[in-house]
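Dear colleague,

Please find the structure below, followed by an account of what was found in it.

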Amino acid sequence: DKLAIVEFFREGCGHCANLVPTYQKLATSMKNLVEVVAVDVVNDQKIAQGIMQKYGFSVQGVPTIKLFKPKPGAGKQLVDYNGERSLRAMKTFLHDHMPNHVQAVRAASLSKFLAQSAGQAKVLMFTEKSVATPMAKALSAEHKGVVVLGQVSARDALAKRYELTSFPAVLAVDDNGHEVDRFA
């Protein structure tokens with residue numbers, strides 16, 4: 001369920017060289033969230049050709065950046081990255097394509113959340129953010145089938161129920177919604 005972004009480059013390519021600092025920063029900032037890979041199409045020709053053959057594409061020019069996105073079931077979906085070669089643009093692109101298994105939970109839907117994930121570990125993340133963060137998306141994908149992650153608005157009645165006053169806060173809860181552990 002993990003994303004991989006792959007830059008196909010060639011040593012001596014000026015545009016590729018200009019991308020190196022940004023791509024290294026991308027790898028550092030997305031560590032443990034997205035696999036950030038660079039493949040030299042000349043020096044790593046067998047690897048590059050193997051990837052291209054397996055996924056049915058060719059590299060016409062360098063740098064070429066492809067996103068390998070998990071497909072439901074099995075395999076990967078390829079998405080071309082044609083955006084700006086800036087750290088911000090590339091991070092936004094990755095965030096937008098991350099699998100999201102985070103469930104929105106409210107006081108009114110807590111019992112449904114608990115029932116559908118019976119027997120699995122359940123974590124409620126209370127936040128002031130309105131959308132799932134990249135970290136929450138990555139955690140939900142990494143632990144899918146083992147831990148169910150629910151995101152709750154800090155303004156929801158559940159925050160009062162669990163006596164939370166500072167955010168973000170994370171609670172592990174049992175099948176009945178009783179707090180098991182707190183990380184705040």
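In helix 3 (residues 87–97), the buried residues are Met90, Phe93, Leu94 and His97; buried means under 20% relative accessible area, exposed over 50% and partly exposed in between, with a 1.4 Å probe and protein chains only. Because these four cover an arc of only 95° around the axis, they lie on the same side of helix 3; the arc is taken from the directions from the helix axis to the C-beta atoms. An α-helix has 3.6 residues a turn, so residues three or four places apart point the same way.

The model is predicted: local features need pLDDT of at least 70 and side-chain atom pairs count only at pLDDT 80 or more, while totals for chains, interfaces and linings use all residues. Residues are numbered from 1 along each chain as its sequence is written, and side-chain values use heavy atoms, without hydrogens and water. Helices (H or I, at least four residues) and strands (E, at least two) are DSSP runs, numbered from the N terminus.

The buried residues of helix 3 pack against strand 1 (3–9), helix 1 (14–29), strand 2 (34–40), strand 3 (64–70) and strand 4 (76–80), where contact means heavy atoms within 4.5 Å. Arg88 and Asp96 are exposed on the face turned away from the buried side.

Strand 7 (residues 147–153) is mostly covered, with five of its seven residues buried. Strand 6 (residues 121–127) runs parallel to strand 7 and is joined to it by seven bridges; strands pair if DSSP finds at least two bridges between them. Leu124 stands opposite Gly150 of strand 7.
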